[in-house]
Amino acid sequence: MQPPLALEQTLRERNALLRSILESSPDLIFVKDRVGRYVMVNANLAAYLGYSVDELMGKTDVDLFPDQAATIRQQDLHILKTGVADTSEDSFINSAGVETTLLTTKSPWRDADGNLLGIVGVTRDVSDRKRAEAALKESEQRFRLVAEQTEQMLYDYNVQTGAIQWVGAIESITGDTPAEFQQVNIAAWEAR
């Protein structure tokens, strides 16, 4: 058994390591007890919400997100009841007033004996990815419209599989429907 001073030093070192891990992550990290009070957060979450770390301690989702608190609490209660992690994607307004998309994974927080103490959450701001996906979708729709409206037939050939993905004025050029023409492989195309 360690002497009390050595045990205290070990605990301080472990807490410092935990805090270092929390603060080195670009994610928003939090721990809530069974009743929904925040008992640990990292600086990134505090900054995202426009608070200091100390100001967030003891607050609940009702304090921070009054309009979404009931939904968040239901998600937390489901995790507490089932003991199973859950991931969700939600929109939030950050402290700068900008709407962001957050991907959050919440897991049960257990003590060394397996007793359920609350929720551990890791949240990633995926707003940039969502904007890129939307821009790609819009670009693809514009490209498809141009291909269809200009009476051109375009294709994408997969060298590894020999499959061809066709777009554009397939029916007016070949007489085949787009669905039928998707079955045309490179050999059939060369034969035509």
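The following legends describe several views of a predicted model of one protein chain.

**View 1. Overall dimensions of the protein chain.** The protein chain contains nine helices and seven strands. Along the principal axes, its C-alpha atoms occupy a box of roughly 85 × 40 × 30 Å. The radius of gyration of the protein chain is 27 Å, whereas a compact globule of 192 residues would have a value near 16 Å. Among contacts in the protein chain with a separation of 6 or more, 31% join residues 24 or more positions apart.

**View 2. Surface and charge of the protein chain.** Buried residues make up 28% of the 192 residues. The protein chain carries 29 negative and 19 positive side chains. The centres of these two sets of charges are 7 Å apart.

**View 3. The largest nonpolar core.** This core comprises 18 residues, of which Leu49 and Phe65 touch the most other members. Two or more residues each are given to this core by strand 1 (28–33), strand 2 (38–41), helix 2 (43–49), helix 5 (69–82) and strand 5 (116–125). Helix 2 provides the largest share of this core, namely four residues.

View 4. When neighbours within four places in sequence are left aside, leucine 49 is in contact with Leu56, Leu64, Phe65 and Ser95.

**View 5. Isoleucine 29 in strand 1.** Isoleucine 29 belongs to strand 1. Its relative accessible area is 12%, under the 20% limit, and isoleucine 29 therefore counts as buried. Residues up to four places away in sequence not being counted, isoleucine 29 touches Leu22, Met40, Val41, Asn42, Leu45, Gly121 and Val122. One of these residues, methionine 40, is 11 residues from isoleucine 29 in sequence. The C-alpha atoms of isoleucine 29 and methionine 40 are 8.2 Å apart in space.

**View 6. Glutamine 74 in helix 5.** Glutamine 74 is located in helix 5. Because its relative accessible area is 52%, over the 50% limit, glutamine 74 is classed as exposed. Glutamine 74 and proline 178 are 104 residues apart along the chain. A distance of 46 Å separates the C-alpha atoms of glutamine 74 and proline 178.

Conventions. Residues are numbered from 1 along each chain as its sequence is written. This is a predicted model: local features need pLDDT of at least 70, side-chain atom pairs count only at pLDDT 80 or more; totals for chains, interfaces and linings use all residues. Side-chain values use heavy atoms; hydrogens and water are left out. A nonpolar core is a set of buried Ala, Val, Leu, Ile, Met, Phe, Trp, Tyr and Cys residues joined through side-chain atoms within 4.5 Å. Buried means under 20% relative accessible area, exposed over 50%, partly exposed in between (1.4 Å probe, protein chains only). Contact means heavy atoms within 4.5 Å. The radius of gyration is taken over C-alpha atoms; the globule rule is 2.2 Å times the number of residues to the power 0.38. Lys and Arg count as positive and Asp and Glu as negative; His and the chain ends are not counted. The place of a charge is taken as NZ of Lys, CZ of Arg, CG of Asp or CD of Glu.
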